[in-house]
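This briefing goes through one protein model in short, grouped points. Please keep the sequence and the structure open while reading.

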Amino acid sequence: MAVFPPAAAREDLLGRLPAGARFARPSKWHITLAFLGQVEDFRTAEVAEALAAAPRPPAFRLRLAGAGRFGAVVWTGVGGDVQALGELRESVRVALDGAGFTTDTRPFRPHLTVSYRTERGLSTALEGYAGPEWPVTGIALVESLLGNYHTLHEWPLPPGGQ
């Protein structure tokens, strides 16, 4: 389950990266709410049912901001209404756990992975970064297939709070 920044937010971030840097494809840039790993095809409908029933907060605003690393992974952080994002993540996690799908229990550290390999200059280029705000109006269930993400289902957030 993920939140995908709109094209304008991805383009702004892309414009901040140094020339010649290697990074993940911008079309794959997302904020993970819950990671399930491999789910058998016949269970995808169960995941979708659990997520459809999960309470969702009203739409809210986020922005990409700052930088950090997890080992070789370089990421940009998330600013804006991070509390609403955390509530959304918790609702998703509880719904999936209740349906028998194990999710990551580590503390939620919202971020967007920019690069999966140590890339000189990326962290420095993103220090102090504050991208444009955008409204989060929905979440997506995606699968990774041959290195590409495919949206299986999308659910809107109720209007308001934007």
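This is a predicted model: local features need pLDDT of at least 70, side-chain atom pairs count only at pLDDT 80 or more; totals for chains, interfaces and linings use all residues.

**Helix α3**

- Helix α3 covers residues 82–98, and because its 17 residues should span 24 Å at 1.5 Å a residue, the distance of 24 Å between its end C-alpha atoms agrees with expectation.
- The buried residues of α3 are Ala 84, Leu 85, Leu 88, Arg 89, Ser 91, Val 92, Arg 93, Ala 95 and Leu 96.

**Ser 115**

- Ser 115 lies in strand β5, which runs over residues 111–115.
- Is Ser 115 buried or exposed? Ser 115 has a relative accessible area of 1%, and because buried means under 20%, this residue counts as buried.
- The side chain of Ser 115 reaches the backbone oxygen of Arg 117, at 3.1 Å.
- If neighbours within four places in sequence are left aside, Ser 115 is in contact with Arg 22, Phe 23 and Ala 24, with Ala 72, Val 73 and Val 74, and also with Leu 122.

**The largest pocket**

- The largest pocket has a volume of about 1,100 Å³, and of the 35 residues that line it, the closest to its centre are His 30, Thr 32, Ala 34, Phe 35 and Leu 36.
- The elements giving two or more residues to this lining are α2 (44–53), β5, β7 (138–145) and β8 (148–156), and the largest share, 5 residues, comes from β7.
- Sorted by class, the lining of the largest pocket holds 20 nonpolar, 8 polar and 7 charged residues.

**The second largest pocket**

- The second largest pocket has a volume of about 300 Å³, and among its 21 lining residues Ala 2, Val 3, Phe 4, Ala 140 and Glu 154 lie nearest its centre.
- At least two lining residues of the second largest pocket come from each of β1 (2–3), β6 (134–136), β7 and β8, with β8 supplying the largest share, 6 residues.
- By class, the lining of the second largest pocket has 13 nonpolar, 5 polar and 3 charged residues.

Methods. Residues are numbered from 1 along each chain as its sequence is written. Side-chain values use heavy atoms; hydrogens and water are left out. Helices (H or I, at least four residues) and strands (E, at least two) are DSSP runs, numbered from the N terminus. Buried means under 20% relative accessible area, exposed over 50%, partly exposed in between (1.4 Å probe, protein chains only). A polar contact is a pair of N or O atoms within 3.5 Å; within protein, one must be able to donate a hydrogen and the other to accept it, and residues adjacent in sequence count only if both atoms are side-chain atoms. Contact means heavy atoms within 4.5 Å. On a 1 Å grid over the protein atoms alone, a cavity is a set of points where a 1.4 Å probe fits but cannot get out, and a pocket is an open set with protein on both sides within 12 Å along at least five of seven lines; lining residues have an atom within 4 Å of a point. Grid points are joined across faces, edges and corners, and a volume is the space filled by probe spheres set on the points. Ala, Val, Leu, Ile, Met, Phe, Trp, Tyr, Cys and Pro count as nonpolar, Asp, Glu, Lys and Arg as charged, and the others, Gly among them, as polar. The expected span of a helix is 1.5 Å times one less than its number of residues.
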